[in-house]
Structures are given as structure tokens and as C-alpha cells.
Amino acid sequence: MDDEPLHIAEPPARTQPPRAPASAEVRGRPGRRSRLRQGVVVIVVAALVGAGIYLATKHSGQPTTARSGNAGPLPVGVAPVTRGDMPITLTGLGTVTPLATVTVQSQISGQLTEVGFRQGEMVQKGQFLAQIDPRPYQVALEQAQGQLAKDEAFLANARRDLARYDTLVAQNSVARQTRDTQASLVQQYEATIQSDKAQIDAQKLNLAYCHIVAPVAGRVGLRLVDPGNYIQVGQSTGIVVITQMDPMSVIFSIPENSLSPVLARLRAGAGLTAYAYDQTESELLATGKLEAVDNQINTTTGTVNLRAIFANPKDLLFPNQFVNVRLLVDTLKNTLLVPTAAVQRGAPGTYVYLVEANNTVKVQPIKLGPAGATDDAVNSGLSAGDRVVVDGADRLRAGAKVQVVAPPAGKSAAAAAAQPPGSAPQH
């Protein structure tokens, strides 16, 4: 027993309960950050699903286009290229200017006793307008006539004395100087009589001036002087203003670079037709002819003035009225015409979408001539009978498949008849 080793008892080690892994702790007890992250994910997923539903709904009703890559044909409207006449016109803003505007004034002084017109009425040339009191001038005429009779009696006596002196001189009974003095006296009386006759004519003219008549035919305005007033020669206001209404002229301007073709046509003896429209260019007021071209260009505006004459029986052109004038310079005969709606402008320049036989479109460059309101002249690039797109061109590209749905609405026969030749302005 003595050989056995001695064992000393050690105190038992402190044991701790096993710790659960961190992952197990998270799964069993989620934290605040984890819940926030899950909410964000749910919101993003819901937004994506909603956007997908919206896009699917939006594109489900849209037509198939060539740019989306689908092969469905595009509905378009087409029109043919035709041949016809293209009027070349110039447009300008004009002012209605009467050929004659006369302020009727008295040429003598006196009291206005009578007015023979109604305000605003039309009068003819030579029609009675007003009367000045003629009595003072009638008295002056009688005085001049009395003076003439007196001087004629003196002349007759002087001539008889001269005849006696001629006889006495022939008999050497009187000096020749006496006879010459008497001859001079006769000439003196003859000059006096001539002056008396001129005075009589002047008084007769004054009497004629008392009766005032219209110097031109036209419309009278408002009366400027009432009867009973004393009128003096040279006063600032007249009796009335007369404006010639028919024919009527319009003065309008065109750019200086458009003057050469106008002058060329005038030198060739052509009569250029002018059309006067209202300010909205919707109503044709009158049709006339170009009368004259001004002799200089306005350096401030770079324009030149022209005058056109119009018949104006219905007074549709009124003095100082603003109108739009279209001057027909020339007409291109049997030229190619393409609808203005078909003309496109872009990288190729000026072009149209040409519809080919297999109902596909082709980008066709063209060169244009004068342009009108509905059609443009084509110098090159198209042929008569070609079909061009006039509606739906904004959705097309070269080689796109198209379907012609309807021809473009044309101008009615009544509108075509109402629109005068040359009504399309040149661009």
C-alpha cells in the first residue's frame, strides 16, 4: 500500500453552456436592418411588375410600324404627279390710292349762299356743288362795261379829229406835228378800250367762279364749310373733298431682286394681270392691270413701288385701304406638278417618298421650280404618273411597306372656279 502513488484531487473545471452559432441567432430573431432590406426588395419588385404591365398594355393597341421591325404595311395617302400650268406670281402689300383727290376751294372771296350736294354721294364732272354770292361781281362787271362805252366814245371822236387833220395836212393848213399828236391820241384810246375789255372778261370770270362745279367725277366727303360763311381765297380748308373711285389704283411694293422678270415682260409688250385681295387673302376684291413701275428702288427697304389700275364699280377698293396684291408675271405651260404636301426636306435635300409597283416607298430626290399654294413645279426627279406619299410620310423610311388607304381630298370644282388664275403666290 505504501508503493501506490498519491493522487491529489483537482477542483472540477467551470463549464459554460454551449453558445448557439450567429447564423442561428439571426434566423431565429430577425433584426431591424434585415426587415428594412426586405421591404426595399418588395417595393422594387412591385415597381418592375407594374412597369411591365403598363408597357404591355400600351403597346398592345399600337399599329405595327416599319421602324419597330415588324413587317406590317403602313397606311398612307398618295397622289399622282401630273402635268399642268403653273402661274408665277409676286405678292406685295399695297395701299389703295385714288387717281385723283381734289379739295374743292373757292377761287374768289364771298359768302357761301348755297350747297348743291349731299355728303357722301357720287357726283359727275361739271355737276353743281356750291354758289358764292355773285352780286358784287355783277356790279363790277357793269362798271367795266360802262367804262368801255365811255372810252369807245372818246376813241370815235379822236378818230374823226384825226381824219380832219389828215385833210388839213394835205392842204398845208395845219402843222404835221398836230396831226401826229392826234394819231397818238387815237392809239391811246384804242389801248384803253382793250384794257376795258379785259376788265370785263375778268368780271365775267369772277361770275363764273361764283358757280362752283365738280372738277372730277367721284365721291364727295363731308362738308367742310356750311352755307352762310364768308369764304376767302387761299383759306386752308376747302368746301369739300372729291375722291375718284372708279377706276382705282393700288400702289404696292416687290423686292428688288424680283424686278428684272417684271421689266422683261413689260419690255416684251405683255400686260401683267394684278389681283387685289383683302388683308386675310380670302376674298378677291378686284382684277386689274399693272400700270407703271417706279423709277428708283427704296434703299431703306430694298423694294420698288408699282401701280396697278383696277375697275371699281362696287367700291370694294376704298381709299387708303390695305390690300394684298398678286401680280401674275408668267405661266409655265405643261410642267410637272407635285402636291406641296408630298415635298420633304432633310439630309438628302428636297425629296419625296415615291411609291413603287410593289407598294414599297423609295426616297426620291427632286429639284423644284416655282411653288404654289397647293402644287410645286418639278424640274427633275419625277415623271408624270408617279405616285408620291402626301399623308403619313413622317412614319416612313426607305424600303418600308405601305398600304394606300385613300386618295387625298382634292379641291372642289366650285373652289377651283372661284380661285382666279395666278392666285398661288411664288415662294
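Good morning. Two strands are said to pair if DSSP finds at least two bridges between them. With that in mind, please look at the chain shown above, which is a predicted model. In this model, two bridges join strand 5 to strand 8, residues 218-220, and these two strands run antiparallel. At this pairing, Met-122 stands opposite Arg-219 in strand 8.

Let me place that pair in its sheet. Strands of a sheet pair through backbone hydrogen bonds, either parallel or antiparallel. Here we have an open sheet of four strands in the order 3-10-8-5, and its pairing is antiparallel. Strand 3, residues 101-104, and strand 5, residues 122-123, are the edge strands, each of which pairs on one side only.

There is also an open sheet with the order 7-6-4-9, again made of four strands with antiparallel pairing. Which strands stand at its edges? They are strand 7, residues 211-213, and strand 9; each has a single partner strand, so one side of each is left without a neighbour in the sheet.

Strand 4 deserves a moment of our attention. Strand 4 covers residues 110-115 and pairs with strand 9, residues 230-231, in the antiparallel sense over two bridges. Along this pairing, Gly-110 has Ile-231 in strand 9 as its bridge partner, and Gln-111 stands opposite Tyr-230. Strand 4 also pairs with strand 6, residues 128-132, in the antiparallel sense, this time over three bridges. There, Glu-114 has Gln-131 in strand 6 as its bridge partner.

Let us now step back to the whole chain. Its secondary structure comes to six helices and 22 strands. Of the 427 residues in the chain, 31% are buried. Among contacts with a separation of 6 or more, 75% are between residues 24 or more positions apart. The accessible surface comes to about 26600 Å², and carbon and sulfur atoms account for 53% of that surface.

How many residues does the largest nonpolar core have? It has 24, and those with the most contacts inside it are Phe-252, Val-262, Leu-306, Phe-310, Leu-317 and Leu-327. Several elements give two or more residues to this core, including strand 2 (82-98), strand 11 (248-255), helix 5 (259-267) and strand 15 (322-339). A second, separate core has 18 residues, among them Ile-108, Ala-130, Ala-214 and Ile-239.

Finally, I come to the aromatic rings. The structure holds two aromatic pairs. One of them joins Tyr-351 and Tyr-353: their ring centres are 5.7 Å apart and their planes stand at 90 degrees, so the pair is edge-to-face. The reasoning rests on a cut-off, because planes over 60 degrees apart count as edge-to-face. Are these two residues buried or exposed? Tyr-351 has a relative accessible area of 11%, and is therefore buried. Tyr-353, with a relative accessible area of 8%, is buried too. The cut-off for this term is a relative accessible area under 20%.

The charged end of Arg-326 sits over the ring of Tyr-277, at 4.3 Å from its centre. Thank you for your attention.

Notes: Residues are numbered from 1 along each chain as its sequence is written. This is a predicted model: local features need pLDDT of at least 70, side-chain atom pairs count only at pLDDT 80 or more; totals for chains, interfaces and linings use all residues. Side-chain values use heavy atoms; hydrogens and water are left out. Buried means under 20% relative accessible area, exposed over 50%, partly exposed in between (1.4 Å probe, protein chains only). Contact means heavy atoms within 4.5 Å. Accessible areas come from the Shrake-Rupley method with a 1.4 Å probe; for residues, only the protein chains shown count as cover. A nonpolar core is a set of buried Ala, Val, Leu, Ile, Met, Phe, Trp, Tyr and Cys residues joined through side-chain atoms within 4.5 Å. Rings of Phe, Tyr and Trp (its six-membered ring) pair if their centres lie within 6.5 Å; planes under 30 degrees apart count as stacked, over 60 as edge-to-face and the rest as tilted. A charge sits over a ring if NZ of Lys or CZ of Arg is within 6 Å of the ring centre and within 35 degrees of the ring normal.
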